[in-house]
Number of protein chains: 2
Amino acid sequence: MNMSLSPAALRQAIRTGAHIGNTSGLAPGFVQCNIVILPQQWAADFLRFCQLNPRPCPLIATNQRPGDHALPLLGDVDIRTDVPSYRVFRDGLLVDEVTDIRTLWRDDLVTFALGCSFSFEEALLADGLEVRNVTEGVNVPMYRSAIDCTPAGPFAASMVVSMRPFRAADAIRAIQICTRFPAVHGAPVHLGDPGAIGISDLGRPDYGDPVSVRADELPLFWACGVTPQVALEAARPPLAITHSPGCMLVTDLRNSRLAVL
Amino acid sequence: MNMSLSPAALRQAIRTGAHIGNTSGLAPGFVQCNIVILPQQWAADFLRFCQLNPRPCPLIATNQRPGDHALPLLGDVDIRTDVPSYRVFRDGLLVDEVTDIRTLWRDDLVTFALGCSFSFEEALLADGLEVRNVTEGVNVPMYRSAIDCTPAGPFAASMVVSMRPFRAADAIRAIQICTRFPAVHGAPVHLGDPGAIGISDLGRPDYGDPVSVRADELPLFWACGVTPQVALEAARPPLAITHSPGCMLVTDLRNSRLAVL
């Protein structure tokens, strides 16, 4: 894959099947989004869940009305075809993984585009910090923590957190950098002792892959965009569609434009 | 002491001897400064030391020319009388502690006013965080760390750091708040393992008093304004005058005006 493709060209490649799979590292400089699609009847509660839990669920855009498959705020997007891989959930259970949801599309579907850690990882790397999962070429380790999200209607979840280790001075710098980006999870929610947030073994993540943590490093934990998938599993809507992990919606928004300062 | 005195009224009380001693908690909302006074011959190197080490030595103001005892940027100040207690060093050795330096004043003396942690402690307290040394009514514990300052001429020092413990989420918040205030030491320089910066026992600070650190807390370490006093001891200028610990110059500058954002 040509990493320097524009977001629009990359979406075109995804739409036509020329690009399949992970979008990590592609279209550098541009925002990639977590996607959740729900029937309108479930959308108001999920929207409220996002508003109550902005760190795991930082809402960047929705479609303008139910059934719209465009997301004009994010570029010339057709949400039915422009994500490399979709997961289909029925009654909270994963039933299918597909590359196109045109046959599933309905006039009552509401799309939620949420910020993703790729944006802040790019900011950390640009500052010269090492991001361990990038260095080791694996998915970031993610854990179901004991931190409760605020529920909204049927949506409830323990917060899923992603972990990246840093030495102390770099940890402080990482907190400063990520604070600028609340729209993509913002500052870490915890650092240090994993047990304090209910994580018993860093070497056994619930999602993603383990990474090495050195003796002089502290683990930093960020609210993670997998949290809404846990809330979907709890809420058991008749239909829900999400992106597949790592296979994000690539947008025309620049990461730098998400910085609050 | 009336805590709500204006900075100008408080300086007047100090000048006339009506107020003696610690200025902690007085004139809330206003910047208090560490003071270093040196002969002109030593001033250029010390200024460079401050510029090279802005975290322990955040320079806020100097007098406009050698011998001036005014500091108009900081208010209607006479630096010879407006600090509650001064320390006099000769050849790097503490030889006297006085409440007035009019008889010591010379036409070649340069005054340096440096930011002080009182400003960021106020910002932490205003955000609802607990500052342990304030809660426990003691001086903040300070330690000579293994972090080397960048030397300038005869001025060299290991960085002195102050320590305040926080639970992880509050530690992250404290880093965010202090990042806004680079003129008063800014963000911590270290957190977590004291041994990583050469501190062997938190219970035995080199300056100030020990504070309790709970099992679920991390120690956060800030660059400290005592560092320049260590550099003075190393440089051994024939004359140097500083404030006594905790007895600061109270200025008309508002703490909020030091915030960079």
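User: Where does A27(A) lie?
Analyst: A27(A) lies in the loop between α1 (7–15) and β1 (30–39) of chain A. Keep in mind that this is a predicted model.

User: OK. What is phi like at A27(A)?
Analyst: Phi of A27(A) is positive, about 45 degrees, although A27(A) is not a glycine. As background, most residues other than glycine have a negative phi.

User: And is A27(A) buried or exposed?
Analyst: Buried: A27(A) has 22 other C-beta atoms within 10 Å, and the cut-off for buried is 20 or more.

User: Which loop holds D91(A)?
Analyst: D91(A) is in the loop between β3 (86–90) and β4 (93–98) of chain A. D91(A) also has a positive phi, near 55 degrees, and is a residue other than glycine.

User: Buried or exposed, that D91(A)?
Analyst: D91(A) counts as exposed, because it has 12 C-beta neighbours inside 10 Å and 12 or fewer is the cut-off for exposed.

User: Switching topic. Where is I37(A)?
Analyst: I37(A) sits in strand β1 of chain A. I37(A) counts as buried, with 27 C-beta neighbours inside 10 Å.

User: What is I37(A) in contact with, leaving aside its neighbours within four places in sequence?
Analyst: Those contacts of I37(A) are L109(A), T111(A), A240(A) and I241(A). There's also L239(A): it is 202 residues apart from I37(A) along the chain, yet their C-alpha atoms are separated by 8.5 Å.

User: Now the two chains. How many residues of chain A are in contact with chain B?
Analyst: 17 residues of chain A are in contact with 17 residues of chain B. On the chain A side, the elements giving two or more residues are α5 (168–179) and β8 (190–191). The largest share, seven residues, comes from α5(A).

User: What's the make-up of that side by class?
Analyst: The side of chain A that touches chain B has 12 nonpolar, four polar and one charged residues.

User: How are the copies related?
Analyst: A rotation of 180 degrees with 0.0 Å of shift along its axis superposes chain A on chain B, with an RMSD of 0.0 Å. The two copies are therefore related as by a two-fold rotation axis.

User: Which residue of chain A comes closest to the rotation axis?
Analyst: That's Q176(A), whose C-alpha is at 3.2 Å from the axis. The same surface serves both copies, too: 100% of the contact residues of chain A recur in chain B.

Note on methods
Residues numbered from 1 in each chain as written. Chains lettered and ligands numbered in written order. Predicted model: local features only at pLDDT ≥ 70, side-chain atom pairs only at ≥ 80, totals over all residues. Contact = placed C-beta atoms within 7 Å. Helix = DSSP H or I, 4+ residues; strand = E, 2+ residues; numbered from the N terminus. Nonpolar A, V, L, I, M, F, W, Y, C, P; charged D, E, K, R; others polar. Least-squares fit on C-alpha atoms with pLDDT ≥ 70 in both.
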